Amino acid sequence: MSTVDLPPAPVPARPSLKSLHEAVHDCRACDLWQGATQAVMGEGARHAHLMLVGEQPGDREDIEGHPFVGPAGRVLDQGLEQAGIARDDVYITNAVKHFRYKARGRRRIHQKPDRWQVAACFPWLEAEIKVVQPAALVCLGATAAQQLLGSHIRIGKDRGRPVDSDLAELVTLTTHPSAILRADDEDRDDAMAQFVDDLKRVAGWLSAR
Ligand code: URA
């Protein structure tokens, strides 16, 4: 499937966070709405200095309707706390607003969105960035980073450093919190420490402005 026969994302002409939250529920720009409970728009302060962009809502997020409230959200919360960043000061969103999964019995197993689904959803993220105008934008993982910064971006090679972009004054990337959850037991502490280091660098940059 592709976007060819699908309507574009119905992003309001002059969006506010409220109008985006309302309009996203009518989005049929890709097929993911069919299996999802609801669209999950980003959340946070209207003029947050920091925006974090993840991949897509997971099982809990799909049910509750809020970004990063499941297991990956708990890792993110720990990372933010250790980096001295208050979650309330951050705008948190995703590259894709509907949960993509494969049903296995009663379980819903996360599936990475296809590139065309990420591209079809991009007008929502673009509008969020325009409304919030964050000073710093951090991509969490490859899906967000490649959509926003280009398909050449690699987490291993590019994480933690500023990337040339017009999206915000500081644009950078780090690992996705789910990758920390998936890490082997012996690697998890290191993965978390690196994640916190990346976030601390951003916190340092924000407080020096
Ligand atoms: N993973 C994401 O990328 N986003 C969420 O909201 C939850 C898990």
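Predicted model: local features only at pLDDT ≥ 70, side-chain atom pairs only at ≥ 80, totals over all residues.
**Entry 1: salt-bridge count**

I started with the total. The count comes to 13 salt bridges.

**Entry 2: Glu22 and Lys18**

I checked the distance in this pair. Glu22 has a relative accessible area of 49%, so I noted Glu22 as partly exposed. Lys18 reaches 59%, and I noted Lys18 as exposed because the cut-off is over 50%.

**Entry 3: Asp62**

Where does Asp62 lie? I found Asp62 in helix 2, residues 59-64. Is Asp62 buried or exposed? Its relative accessibility is 0%, so Asp62 counts as buried. I then listed its side-chain partners. One of them is Thr37: the two side chains make a polar contact at 2.4 Å. Another is Arg108, which meets Asp62 in a salt bridge of 2.8 Å, N to O. This pair links distant parts of the chain, with Asp62 in helix 2 and Arg108 in strand 4, residues 107-110. The two residues are 46 residues apart. Arg108 has a relative accessible area of 21%, so I put Arg108 down as partly exposed; buried would need under 20%.

**Entry 4: Lys97 and Glu128**

I turned to a third pair. The side chains of Lys97 and Glu128 meet in a salt bridge at 2.6 Å, N to O. Why does this pair tie together separate parts of the chain? Lys97 is in the loop between strand 2 (90-94) and strand 3 (101-104), and Glu128 is in helix 4 (residues 115-132), so the pair joins parts 31 residues apart in sequence. I checked burial for both partners. Lys97 is buried, with a relative accessible area of 1%. Glu128 is buried as well, at 0% relative accessibility.

I went back to Asp62 to follow shared partners. Salt bridges join Asp59, Asp62 and Arg108 into one network.

**Entry 5: a negative patch**

Last, I looked at the surface. Which residues gather in a patch of negative charge? I listed Asp184, Glu186, Asp187, Asp189 and Asp190. Asp189 is found in helix 8, residues 185-208. Its relative accessible area is 63%, so I recorded Asp189 as exposed.

Methods. Residues numbered from 1 in each chain as written. Heavy atoms only, no water. Patch = residues over 30% accessible without salt bridge, like charges linked within 9 Å, V, L, I, M, F, W, Y side chains within 5 Å. Areas by Shrake-Rupley, 256 points an atom, 1.4 Å probe, with all protein chains shown as cover. Salt bridge = Lys/Arg side-chain N within 4 Å of Asp/Glu carboxyl O. Lys, Arg positive; Asp, Glu negative; His and termini not counted. Charge placed at Lys NZ, Arg CZ, Asp CG, Glu CD. Helix = DSSP H or I, 4+ residues; strand = E, 2+ residues; numbered from the N terminus. Buried < 20%, exposed > 50% of the residue type's maximum accessible area, 1.4 Å probe, protein only. Polar contact = N/O pair within 3.5 Å; in protein donor to acceptor, adjacent residues only side chain to side chain.
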